[in-house]
Structures are given as C-alpha cells and as structure tokens.
Amino acid sequence: MRNILVTGGAGFIGSNFVRMVLAEQPDCLVVNLDKLTYAGNLENLAEYLEHERHKFVHGDIGDAALVERLIDEYAIDAIVNFAAESHVDRSITGPKIFIDTNVSGTLTLLEAARDKNISRFVQVSTDEVYGSLGSEGMFTEQTPLSPNSPYSASKASADHLVCAFGHTFGLPYNITRCSNNYGQYQFPEKLIPLMINNAVNDKDLPVYGDGMYVRDWLYVYDHCTAIWRVLEKAPSGEIYNVGGCNEKPNLEVIRLILDHLGKPDSLIKYVKDRPGHDRRYAIDASKMIDELDWRPSVTFEEGIVKTMDWYLSNTTWLANVVSGDYQKYYETMYSGR
Ligand code: NAD
Ligand code: TYD
C-alpha cells in the first residue's frame with residue numbers, strides 16, 4: 001500500500017487527482033488535507049467521501065502539529081501539494097493570504113516532510129512562475145523565474161523553497177509546472193467555467209483588454225496523469241513542465257463556447273484589463289513526453305466539449321457553487337470594469 005498526503009484535494013485539480021487515484025490505483029491510500037476555503041468543495045468528492053482508501057481531513061497546511069500527526073498516523077510516504085490560493089485576480093485585490101498559504105503553508109509542509117523523512121514531495125506549481133512571453137518561444141524548465149503577479153510570485157517563492165529543501169536538507173522532491181487547466185469541477189472564477197456559466201444564463205461575457213491574451217490549455221485529467229507519472233517515475237530533484245500543446249487566444253476560446261452553447265457573440269463585453277496582465281504563456285512539455293513517456297489524452301476540441309457537457313449536466317453543482325459568496329465576489333470584481 002502506498003500512502004499519500006494530498007493537500008488541497010477538495011479544490012479543482014486536487015479533487016480530480018483524488019478521484020483518479022482512487023479509481024485507478026487500488027494500492028494507494030489518500031489522506032486529503034483541505035482547509036475548505038471558498039474554492040474547496042466536498043461536493044467535488046461526493047461519491048468518494050466514504051471510500052475506504054480516502055481519509056478527508058479538514059485543516060490548514062500551515063498547522064504543523066496537524067501535518068506531523070497525519071504523517072505519523074497514516075505512515076505517509078509521499079506528499080502532493082495542491083493546496084493554494086490560485087486566482088490571479090484575487091491576488092491583486094488581496095495578496096496577503098497568498099503568502100500565508102502558498103509560501104508559509106508550503107514551508108510548513110516542507111519542514112514536516114524533512115523531519116519525518118518523507119520519500120517524495122511533489123510541488124504542484126505553475127507556468128506563471130516564468131513570467132510572460134511575446135509572440136514567439138516557449139517556457140522550458142531552464143527558463144529563469146520571473147513572476148509578475150502576486151499569485152505567481154508566491155508560487156515562485158514556494159518553488160525556490162522546495163529546491164532549497166532538496167539542496168540543503170536532501171529532501172527528495174519534484175516540481176511540476178503546468179499551463180492553464182480546464183475541465184470538470186473548476187470554480188467559475190476562472191475563464192472557461194465563468195464564461196460557460198455566464199453564457200448559459202445569458203449574462204455578459206467580460207473579456208479583459210483586447211481578448212488576445214494567449215493561454216496553453218491543459219485538460220485537468222491529463223494534468224493528473226502527469227503528476228502521477230512524476231510521483232511514480234521521476235528521479236528526485238527534477239522539474240517538469242506540463243502543457244496541453246493547445247495555445248489559444250481568449251477570444252477564440254470564448255467564441256467556441258458561445259458556438260457550442262448556441263449563444264450570440266453579442267454577449268461578449270470588453271471590460272477593463274487586468275493590471276500587469278501576462279500576454280502569453282506557452283509550455284514546452286518535451287521533457288515530460290521524452291523522459292516520462294507522458295502524453296495528453298485529448299485535444300482541446302475534445303476536452304472543451306466534454307467540459308461544457310459536464311457543466312450542462314451538473315447544474316445543481318454549479319447552482320450551489322455560485323450561490324452566496326460568489327455573487328458578492330462577482331459584483332466586487334466586475335462592477336467597476
Ligand atoms: P483551487 O483554488 O481550485 O483549489 C485550491 C484548494 O486548496 C481548495 O480546495 C482550498 O480549500 C485548498 N486550500 C487553500 N488554502 C489552504 C490551506 N491553507 N490549507 C489547506 N488547504 C487549502 O486550485 P486549483 O485550480 O485546483 O489549483 C491546484 C494547484 O495547481 C495550485 O497549487 C495552483 O497554484 C496550481 N495550478 C493551477 C492551475 C489552474 O489552471 N487551475 C494552473 C497551474 C497551476
Ligand atoms: P484565468 O482563468 O484567471 O487564468 P490565468 O490568469 O491564471 O491565466 O484567466 C485566463 C485568461 O482569461 C487571462 O488572460 C485572463 C482572461 N480572463 C478574461 O478575459 N475575463 C475573465 O473574466 C477572466 C476570469 C479571465
């Protein structure tokens with residue numbers, strides 16, 4: 001039996017990872033530590049909450065005593081750290097919590113991993129630590145870190161701490177840096193689920209700036225298989241970029257959504273741009289592909305249809321997620337634009 005501590009496993013990517021591991025890895029016990037912030041949602045794991053190989057624990061990665069107790073109690077041999085504040089716009093309006101969770105929280109996990117001799121620490125990071133690209137080129141693992149937003153600065157800080165714990169204390173680790181994920185269970189503050197939710201409800205689709213910002217879209221299941229591959233096969237100390245090879249300007253993604261949902265282009269509304277908005281991200285994932293034999297399983301065209309169909313058939317999940325605090329968030333974030 002392999003016992004892993006997954007943090008942030010009630011969020012978007014973490015819950016997809018937990019579901020994948022429980023379904024596909026019969027010898028793996030998952031201890032899932034999540035603070036259940038606005039982005040954490042136990043409905044993402046509804047049919048797995050009583051699963052015999054899944055132990056959900058409500059708590060903070062910054063709680064050292066709790067983290068150490070879980071490692072001992074469940075004889076944890078690997079940690080996969082998804083827990084984070086993850087939204088760039090929120091990091092612009094309130095950066096402090098990003099330092100508390102993404103930097104200090106990661107440090108707490110690293111200290112516990114070192115002290116308890118954990119055999120592998122996998123840090124789930126982002127391509128945003130590399131900064132922004134012009135119209136040419138791609139991020140490789142050698143690209144210097146040059147983060148631009150408070151979010152990406154906090155993730156880059158965490159990456160440096162992970163490497164420092166490897167270098168200084170010999171902690172076995174890997175870092176994965178992925179591009180923008182999309183798929184089932186994503187909170188509708190991020191581009192794709194926000195646009196789907198608004199289009200379904202005939203609300204304006206707020207496009208920042210000229211809409212020609214480019215992201216490299218990665219289907220969430222493919223990201224999860226990449227992380228598992230790293231956990232199983234990667235030598236310690238290696239960093240891997242994970243990308244979907246699906247670069248698209250935002251407007252192209254939005255038009256595809258409108259088209260599939262049968263909604264008019266007139267819903268598009270150009271709004272005030274995000275301050276410091278990174279122009280383009282593009283990932284060179286050849287190290288994952290060549291060294292770990294990983295491949296994305298779907299094209300963007302397949303993944304986006306699966307995603308839209310999932311949101312259309314999970315209207316209760318969506319309705320619950322956008323009730324209450326989400327309305328307040330939406331008004332604050334978009335009313336002045
Ligand atoms: P998310 O915001 O959907 O989920 C984050 C989860 O972490 C939530 O369940 C939340 O409750 C939990 N959490 C937050 N603070 C915590 C704390 N102090 N202690 C314990 N749990 C806490 O995020 P996501 O989109 O699933 O992203 C997961 C990871 O992947 C993050 O580290 C993020 O930086 C990284 N990432 C995400 C994307 C993307 O496109 N979503 C892209 C690149 C990297
Ligand atoms: P987002 O999903 O927030 O991810 P990130 O900023 O981490 O890449 O945004 C993706 C792109 O979509 C980014 O260029 C900003 C843009 N965007 C909009 O145009 N309108 C929106 O309402 C949101 C949330 C994002």
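Close-up 1. The side chain of Thr 101 places an N or O atom 3.2 Å from a nitrogen atom of ligand 1; a polar contact is a pair of N or O atoms within 3.5 Å. A polar backbone atom of Leu 36 is 3.3 Å from an oxygen atom of the ligand, and a backbone N or O atom of Ile 13 is 2.7 Å from an oxygen atom of ligand 1. The protein buries 97% of the 830 Å² that ligand 1 exposes when taken alone (Shrake-Rupley method, 1.4 Å probe).

**Close-up 2. The shell around ligand 1.** Among the 28 residues around ligand 1, those that come nearest are Ile 13, Asp 34, Ser 86, Tyr 151 and Lys 155 (a residue is near if one of its heavy atoms lies within 4 Å). The shell holds 12 nonpolar, 12 polar and 4 charged residues. β5 provides the largest share, 3 residues.

Close-up 3. Polar side-chain atoms lie 2.5 Å (Arg 274), 2.7 Å (Arg 215) and 2.8 Å (Asn 180) from an oxygen atom of ligand 2. Of the 510 Å² that ligand 2 exposes alone, the protein buries 98%.

**Conventions.** Residues are numbered from 1 along each chain as its sequence is written, with chains lettered from A and ligands numbered from 1 in the order in which they are written. In this predicted model, local features need pLDDT of at least 70, side-chain atom pairs count only at pLDDT 80 or more, and totals for chains, interfaces and linings use all residues, while side-chain values use heavy atoms, leaving out hydrogens and water.

Notes: A polar contact is a pair of N or O atoms within 3.5 Å; within protein, one must be able to donate a hydrogen and the other to accept it, and residues adjacent in sequence count only if both atoms are side-chain atoms. Helices (H or I, at least four residues) and strands (E, at least two) are DSSP runs, numbered from the N terminus. Ala, Val, Leu, Ile, Met, Phe, Trp, Tyr, Cys and Pro count as nonpolar, Asp, Glu, Lys and Arg as charged, and the others, Gly among them, as polar.
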